[in-house]
Amino acid sequence: MEVGKLMVLLLFVIGVESLEMRTWGSGSGSDPSVVSLDCGKHTMAPNTRVTIQTPNYPNNYDESYRCQWEIYCNSVENTTLTMVCPDFELEDSTDCTADRLIIKDHDSRDVICGDDNPDGTTTVSGFIRLTFWSNIITGTTAMGFRCHIWCFPKPGTINLPCIC
Ligand SMILES: [Ca+2]
């Protein structure tokens, strides 16, 4: 391999490693170095995590805002997702008719608000859809949330070498 190409490869590897260190860094609540996902669809691998958070976190989120994260871990049928949320605070309201987070997985749908932290929520598969809404009626906002989403293989789905 040419020296030039080797250098490019080396720089790429260093770049990937430093990115992973940022992503895997300490999960403290207000760590500004945590990379959070944009709204939209994302795919992840087992034994990794991604992070979602409200805009301006840890300062108050904006009024009249909507963001949906759709997260898939490969393979969806052989994995589960677990939410770890250092912070969760939305405007509280009866039946969460004001600001809310909607958590949808394969089997269930939950609507939460206030300080009803979803920390520890685990899905039945490697799919979750999180939709954050803030309204404009009351003009009230809050700190919002930061949640890490971990993907783990389901027990018994470890890929053993084939002895067939
Ligand atoms: Ca509001």
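## Confidence in the model

The chain has an average pLDDT of 85, and 76% of its residues reach a score of at least 70. Where pLDDT is low, the predicted coordinates should not be read in detail.

## Overall fold

One helix and eight strands are present in the chain. Read from the N terminus, the order of elements is α-β-β-β-β-β-β-β-β.

The chain comprises 164 residues, of which 21% are buried. Of the contacts between residues at least 6 apart in sequence, 72% link residues that are at least 24 apart.

## The three-stranded sheet

An open sheet is built from three strands in the order β2-β8-β4, with antiparallel pairing. Strands β2 and β4 (79-89) lie at the edges, since each of them pairs on one side only. From one strand to the next, the twist averages 20°.

Five bridges connect β2 with strand β8 (residues 144-153) in the antiparallel sense. Within this pairing, I52 has C147 of β8 as its bridge partner.

## The nonpolar core

The largest nonpolar core contains 19 residues, and I52, I71, L81, I128, L130, C147 and I149 have the most contacts inside it. Two or more residues are contributed by each of β2, β3, β4, β7 (127-134) and β8. Strand β8 supplies the largest share, namely four residues.

Apart from neighbours within four places in sequence, L130 is in contact with I52, W69, L101 and I103.

## A loop residue: D62

D62 is located in the loop between β2 (49-53) and β3 (65-73). This residue is classed as exposed because 12 other C-beta atoms lie within 10 Å, and a residue counts as exposed if that number is 12 or fewer.

When residues up to four places away in sequence are left out, D62 still touches P55, N56, S134 and T141. D62 and I136 are 74 residues apart along the chain, and their C-alpha atoms are separated by 9.3 Å.

Conventions: Residues numbered from 1 in each chain as written. Predicted model: local features only at pLDDT ≥ 70, side-chain atom pairs only at ≥ 80, totals over all residues. pLDDT = per-residue confidence, 0-100. Buried ≥ 20, exposed ≤ 12 C-beta atoms within 10 Å, placed from the backbone. Contact = placed C-beta atoms within 7 Å. Pairing = 2+ DSSP bridges. Axes fitted to C-alpha atoms, helices over the stretch in contact; angles between N-to-C directions. Core = buried A, V, L, I, M, F, W, Y, C linked by C-beta atoms within 7 Å.
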